[in-house]
Amino acid sequence: MVRGASSVLLKPKTTEEVSAILSYCNQHKLAVCPQGGNTGLVGGSVPVFDEVIISMALMNQVESVDSWSGVVVCQSGCVLEALDQHVAEHGLMVPLDLGAKGSCHIGGNVSTNAGGLRLLRYGSLHGSVLGVEAVLASGEVIDCLSTMKKDNTGYDLKHLFIGSEGTLGIVTKLAINCPPRPTAVNLAFLGLQSFDDVLQTFRDAKSKLGEILSSCEFIDRSSLECVEENLKLKSPIEPHPYYMLIETSGSNGDHDEEKLNTFLEYVMTSGQVTDGTVATEPSRIQHIWSLRERIAESLIADGYTYKYDISIPLPHFYKMVEDMREHLGSSIIRCCGYGHIGDGNLHLNITSKEYEKEILSRIEPTIFEWTARVKGSISAEHGLGFKKRNYIHFSKSDGAIGLMKQMKKIMDPNGILNPYKVLPDN
Ligand SMILES: Cc1cc2nc3c(=O)[nH]c(=O)nc-3n(C[C@H](O)[C@H](O)[C@H](O)COP(=O)(O)OP(=O)(O)OC[C@H]3O[C@@H](n4cnc5c(N)ncnc54)[C@H](O)[C@@H]3O)c2cc1C
């Protein structure tokens, strides 16, 4: 989707080294591009021209794990999955999980305010990140690395670095609140005939599963067919127009299973769910999750993917896919929808054999206008990066964009931090 053109890549190991690099670059007005695991989907970690890449890959040390409070302090270059395995030894889990976990960095997650598969249960990183240490463009280190769950002393500046995609500072360390690791996990894979049934089943899952509901994901038939055809993965149930993955996590297997069975009996008796299976063993759970987590990878085999990550009020959620499918007709291979229905977050993907400007111009800005009409967000969790920044107006007011530009000026007066990202040209 995007291709960089940089001849310099630096790999600092300490905050002091990040500070020295930025101080030098600022004095010489050299632009920099912070890079985590490079898994972002909007081109934020890719240099546009000849920016100096600052890779955080060597800043991968866990500094402390407080098993009383669950608060973990680490450098920002820790790979999400490795950090999760580290905290697992203390009976904890990182409250964030996503398909790119084997490569993405926790600092990249914080900088994009990544959502992922369990936001429904554990909330956004604005809630679970308790503190951040960041280096400003000038090289000044800003220490907001609180480990306290409550700290109302002045403006909560850490939030400026969460989700600002490396345009206001480089995140070097963070403190994150990790919940206890669940000992009982169940995953149901369900087949449904209509989207109304999907919505009703989600509502029932919230009310009947309550505190043990840890994920609620949605896949349409076209997305599942793509994983089956292109990656040869096998669905555990017969073909359906819609599918849901409903995960429970808790500390008492018998209690959770009983609750899940009551819920399943209810949705099957009422006819909302017409087929389904439940996995409790780790290998089956992993297989079922791979049907959802590997959709993005399977789409690549079609050729070119036009990717959209949109927040939509639930009543309009699937209408967007249907309307786009009709709008694009036979000019494309596939128009499919899946995502974090529990958070109203649709991943809408369109594929064609190769990139075609004509197809793109039929998708954009129509898709953003549609989203703005129903008061959704044009980027639910991936950020704006390089690719979506000029569409920010569809989701933010002129006043809000103006204030963002002023903040950028204060924190990075020479504009060296990740230029051409997040903020629009006009
Ligand atoms: C298969 C797959 C599944 C995915 N699933 C999800 C999902 O469910 N939810 C979701 O939200 N995203 C998802 N993503 C997108 C992506 O993984 C996330 O955006 C992730 O948080 C990016 O982390 P990263 O370390 O790779 O960051 P990068 O891609 O390297 O960088 C992302 C942005 O953050 C900046 N940045 C990185 N590190 C720092 C730092 N230390 N300080 C300041 N700025 C920094 C970069 O400059 C860039 O603007 C998925 C991606 C893939 C490939």
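I counted salt bridges first, taking one as a side-chain nitrogen of Lys or Arg within 4 Å of a carboxyl oxygen of Asp or Glu. The count comes to 16 salt bridges. This is a predicted model, where local features need pLDDT of at least 70, side-chain atom pairs count only at pLDDT 80 or more, and totals for chains, interfaces and linings use all residues. Residues are numbered from 1 along each chain as its sequence is written, and side-chain values use heavy atoms, with hydrogens and water left out.

Entry: E63 and K173. I found a salt bridge between E63 and K173, with the closest N and O atoms 3.3 Å apart. The pair joins distant parts of the chain, 110 residues apart: E63 sits in strand β4 (residues 62-66) and K173 in strand β8 (residues 170-177). Helices (H or I, at least four residues) and strands (E, at least two) are DSSP runs, numbered from the N terminus. For accessibility I used buried for under 20% relative accessible area, exposed for over 50%, and partly exposed for in between (1.4 Å probe, protein chains only). E63, at 44%, is partly exposed, whereas K173, at 16%, is buried.

Entry: R181 and D84. Their closest N and O atoms are 2.9 Å apart, in a salt bridge. R181 lies in the loop between β8 and β9 (184-192) and D84 in helix α2 (residues 80-88), 97 residues apart. I noted R181 as partly exposed at 33% and D84 as buried at 18%.

Entry: K158 and D156. These side chains also form a salt bridge (2.9 Å, N to O). K158 is buried at 9%; D156 is partly exposed at 37%.

Entry: network. I found D97, K101, R118, E247 and E293 linked by salt bridges into a network.

Entry: annotation. The unreviewed UniProt entry gives "domain: FAD-binding PCMH-type" for residues 1-181. UniProt positions are in the numbering used here, feature names are shortened, and annotations may be inferred rather than shown by experiment. I noted that the span is 23% helix and 22% strand, with its end C-alpha atoms 37 Å apart.

Entry: α12 and α14. Which residues make the contact between α12 and α14? Helix α12 (residues 319-328) packs on helix α14 (residues 366-373) at about 150°, with the axes 11 Å apart. On the α12 side I listed K319, M320, D323, M324 and H327, and on the α14 side T366, I367, W370 and T371; contact means heavy atoms within 4.5 Å.

Definitions and conventions
Axes are lines fitted to C-alpha atoms, for helices over the stretch in contact, and angles run from 0 to 180 degrees between N-to-C directions.
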